[in-house]
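This report looks at how charged side chains pair in a protein model. The sequence and structure come first, and the pairings are then taken one by one.

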Amino acid sequence: MEAPAEGGSSFQVGAMAHATSGSPVFCEAQRPLPPLLEGRPRERLVELHTSFRELFTFFCANATIHGAIRLVCSSQNGLKTASWGLLLLGALGVFYWQFGLLLARYWRYPVIMTVSVHSELRLFPAVTLCDMNPHRPRSARYHLQVLDEFARENIHSLYKFNFSENRDVLFADDQLPQPAFYLDRGIRLERLSQPGGQNKVGFRLCNSTGGDCFYRAFSSAVTAVRQWYRFHYVNILALMPPAREDSHHSHGGHFVFSCRFDGQDCQARHFQTSHHPSYGSCYTFSGVSAVQHPGITHGISLVLRAGQQDHLPLLSTEAGIKVMIHGHDHTPFLEHQGFSIRPGTETTIGIREDEVHRLGGPYSHCTKGAEGVDVQLLYNASYTLQACLVSCFQQLMVETCSCGYYFYPLPSGAEYCSYARHPAWGHCFYRLYRDLGTHRLPCTSRCPRPCRESSYKLSAGTSRWPSSKSADWILAVLGKRRHRSLSQSPGLRSNVAKVNIFYQELNYRTVDETPVYSVPQLLSATGSLWSLWFGSSVLSVLELLELLLDAIALTLLRGCRWLRGARGSQPGAATVASHAKPEANQLPADHRDDINHLGGPAGLISHDASRSSGRSLC
């Protein structure tokens with residue numbers, strides 16, 4: 001039998017043998033057949049379908065996505081094909097809708113708070129105590145006496161109250177040199193009539209031209225007097241030199257009668273002294289040792305003086321001790337977070353500590369320190385939200401009003417506000433302070449919360465101390481220790497107070513931010529949706545990707561062929577194509593079927609179908 005022209009393989013058929021019955025039988029030769037596939041095109045690494053229909057048919061017949069096979073099996077029934085096509089498209093649409101909702105929730109970066117309890121040794125927190133006795137600086141006593149006289153005039157004009165019995169106390173002579181100062185008597189207390197018959201008390205502040213004025217008004221007359229007095233008081237203190245010659249160190253030396261921490265006497269190195277314009281002499285206790293056990297005996301116990309010598313009655317109307325418990329190396333802001341201790345009592349304060357850990361990044365706006373904050377901290381301490389807000393406000397104050405508020409530290413090169421140098425600073429300050437309270441200033445956005453911070457939950461109990469039976473000898477002993485007889489002082493019990501501060505338990509809670517959707521959880525939720533609607537896995541998604549890539553390649557191939565047909569094909573290409581087709585047709589019918597079967601589904605094209613064009617997909 002003649003072999004095909006280019007097949008390279010021949011078929012040998014054995015001679016016809018006659019059986020004993022005489023019927024002819026064809027037998028193959030005993031020697032092995034030559035390889036059948038030598039002359040046909042070999043299957044290549046990449047083969048493309050000839051049409052999109054065949055590509056889609058192959059995908060539906062072999063994909064692992066549930067329902068896709070139905071499009072092929074029911075191809076003879078148009079209604080079923082259309083129904084299954086609509087079902088698949090509907091499932092795909094619902095899947096992408098739910099997937100979009102899932103991504104939207106993920107990109108909002110929601111968090112949940114996880115609470116856990118830990119038990120380990122804790123460092124005792126810092127404790128700041130102030131005697132609430134703002135004393136008169138010696139270098140400004142004369143001006144404060146002039147202010148007190150002006151205050152008496154204002155109060156007498158409004159309420160007909162006479163301070164004459166205290167005139168000798170308020171006007172003590174002092175021959176020290178005084179800073180140049182004039183009292184702005186145009187800023188007076190006034191009674192303001194409001195619509196509806198409600199009366200308020202306040203004072204008027206104007207800008208530098210006098211064209212813009214407003215009243216700083218209060219419904220409480222006591223608050224109005226204190227705020228008015230404080231405004232003039234700040235103007236006097238602002239004229240004092242930076243190195244103030246306050247005597248609060250010697251004055252505060254009588255503040256702490258006794259102190260014990262964890263059963264041992266406190267050391268002087270454990271205290272840091274400071275002065276607050278409104279709360280007087282302040283002491284901060286910073287214990288450097290860890291607490292081994294909870295309970296009162298393992299905390300700090302202090303006996304403190306609560307007297308009011310050299311007092312400014314119009315500035316501070318409270319008697320007692322201001323206390324604040326805070327973290328180490330944190331600036332205490334007693335006006336925001338402090339609490340008061342009543343004189344003549346023993347106050348016991350139990351502490352429970354909580355730690356908050358924030359994620360930061362896209363989940364929450366927080367910072368790990370002052371380095372990443374767009375505000376220069378004016379306090380030489382660790383970063384806190386309140387320190388950042390105060391620093392931001394003071395810097396805006398300097399930029400807007402050309403001076404700084406006396407209660408806060410100054411940026412370099414700035415000076416404190418006083419109407420002797422800045423006549424309209426009060427108008428500027430209160431407008432700016434009002435904008436801070438209504439969140440109109442950028443300080444809220446520029447000052448993030450710390451990513452890690454501690455807070456202290458307090459529980460307190462009080463009792464009378466000393467008792468009426470023991471008051472005499474206790475006050476006598478305390479007075480003798482300070483070379484002074486407390487029992488001869490008026491008020492007796494109102495001169496002292498006792499404070500106990502301790503850890504109630506060493507267990508502390510941590511509150512951690514946890515993302516609702518992490519990347520693994522997002523992939524898990526996406527896989528659940530995919531399995532719900534298509535009952536398949538990640539490999540099924542890769543099958544879809546393969547379908548997309550095949551469709552793109554087929555589109556490019558057809559476009560390339562169309563461009564070649566438009567330009568006109570080369571003469572050699574048609575000749576090779578005409579010779580290639582008879583070669584395949586010269587094979588027996590059964591072997592042609594084998595070639596089609598080995599090449600995959602009907603329509604697969606090998607890149608060797610045309611030898612002249614085998615270098616290009618086109």
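With which residue does Arg260 form a salt bridge? In this predicted model, the partner of Arg260 is Asp265, and the closest N and O atoms of the two are 2.8 Å apart.

## Arg260 and the overall count

Arg260 has a relative accessibility of 41% and therefore counts as partly exposed, a class that lies between the buried limit of under 20% and the exposed limit of over 50%. The salt bridge between Arg260 and Asp265 belongs to a model in which the count of salt bridges comes to 15.

## Glu353 and Arg122

Another salt bridge joins Glu353 to Arg122, with 2.9 Å between the closest N and O atoms. Because Glu353 lies in strand E17 (residues 345-357) and Arg122 in strand E4 (residues 122-123), this pair ties together parts that are 231 residues apart in sequence. Both Glu353 and Arg122 are buried.

Through salt bridges that share partners, Glu120, Arg122, Glu353, Glu355 and Arg452 are joined into one network.

Conventions:
Residues are numbered from 1 along each chain as its sequence is written. This is a predicted model: local features need pLDDT of at least 70, side-chain atom pairs count only at pLDDT 80 or more; totals for chains, interfaces and linings use all residues. Side-chain values use heavy atoms; hydrogens and water are left out. A salt bridge is a side-chain nitrogen of Lys or Arg within 4 Å of a carboxyl oxygen of Asp or Glu. Helices (H or I, at least four residues) and strands (E, at least two) are DSSP runs, numbered from the N terminus. Buried means under 20% relative accessible area, exposed over 50%, partly exposed in between (1.4 Å probe, protein chains only).
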